[in-house]
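Biologist: Please take a close look at a single part of this model and describe its surroundings. A connected account will do.

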Amino acid sequence: MVSDAPPPHQDLPPTLLDLSTYLLSKVGKASRTRLTERLAQRGLRLWDMAVLAALADFGPQAQRDLVGRLGIDPSDLAKVADQLAAAGYVERARDAADRRRVSVSVTAAGRALLAELDQQAREVQDEVLAPLDAGEREVLQSLLLRVHAGLGERRGAV
C-alpha cells in the first residue's frame with residue numbers, strides 16, 4: 001500500500017531542517033527511543049547498558065569513578081548497580097582498606113548480556129543509518145567523534 005502522506009521532513013520548517021543541531025537532536029531522539037524500547041522489553045534501561053559497557057571496557061571500578069565516567073547521579077548509579085548485582089550481571093565488593101569505597105565488576109553473565117545488548121544497539125543503528133552506505137557511515141562516525149571530542153574540550157575550558 002502506497003501512502004499519500006508527505007515524507008516526515010516535509011512537514012518541518014526549512015529553517016529547522018537547515019540546522020544540523022536540530023537534525024542531530026531529532027535523529028538522536030529517534031535512535032534513543034528505538035533502543036530504549038528494545039531494552040525495556042528485557043526490563044533494562046540505557047544506564048544498565050552503559051554501566052556494563054564501562055565495566056567491560058575499563059575493568060572493575062569504584063562506584064564513585066563510574067559516577068564521574070558516565071555522568072550519572074550517585075544515587076541513580078547505586079540503584080543500577082543494585083539491580084545489576086541482584087540479577088547476577090555485576091559484583092560489588094567493599095574495599096578492605098576503605099570500607100566506604102565500593103568496587104563494581106562485570107560478571108560472565110554481564111558480559112554475555114552486554115554482547116546481546118550491543119547486537120540490539122547495532123541493529124537499531126543499522127535501521128537508523130539505512131539511507132547511508134558503508135563509506136558514509138564511516139565518515140559520519142568520524143565526524144561525530146570529532147564533534148563529541150570538541151564538546152569535551154570546550155566543557156573543560158569553561
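Modeller: Leaving aside neighbours within four places in sequence, Leu52 is in contact with Leu84, Tyr89, Val90, Val106, Gly110, Leu113, Leu114 and Leu117, contact meaning heavy atoms within 4.5 Å. This is a predicted model, in which local features need pLDDT of at least 70, side-chain atom pairs count only at pLDDT 80 or more, and totals for chains, interfaces and linings use all residues. Residues are numbered from 1 along each chain as its sequence is written, and side-chain values use heavy atoms, with hydrogens and water left out. Leu52 belongs to helix α3; helices (H or I, at least four residues) and strands (E, at least two) are DSSP runs, numbered from the N terminus. The relative accessible area of Leu52 is 0%, so Leu52 is buried (under 20% relative accessible area; exposed is over 50% and partly exposed in between, with a 1.4 Å probe and protein chains only). Tyr89, one of the contacts of Leu52, lies 37 residues from Leu52 along the chain, with 8.0 Å between their C-alpha atoms.

Helix α3 (46-58) is also among the elements that cover the buried residues of α4, together with β1 (61-62), α5 (74-86), β2 (90-94) and β3 (102-106). Those buried residues of α4 (residues 63-70) are Gln63, Leu66 and Val67. They fall within an arc of 105 degrees seen down the axis of α4, so they line one face of the helix; the arc is that of the directions from the helix axis to the C-beta atoms. Arg64 and Gly68, on the other side of α4, are exposed. After α4 comes Gly71, with a positive phi near 70 degrees.
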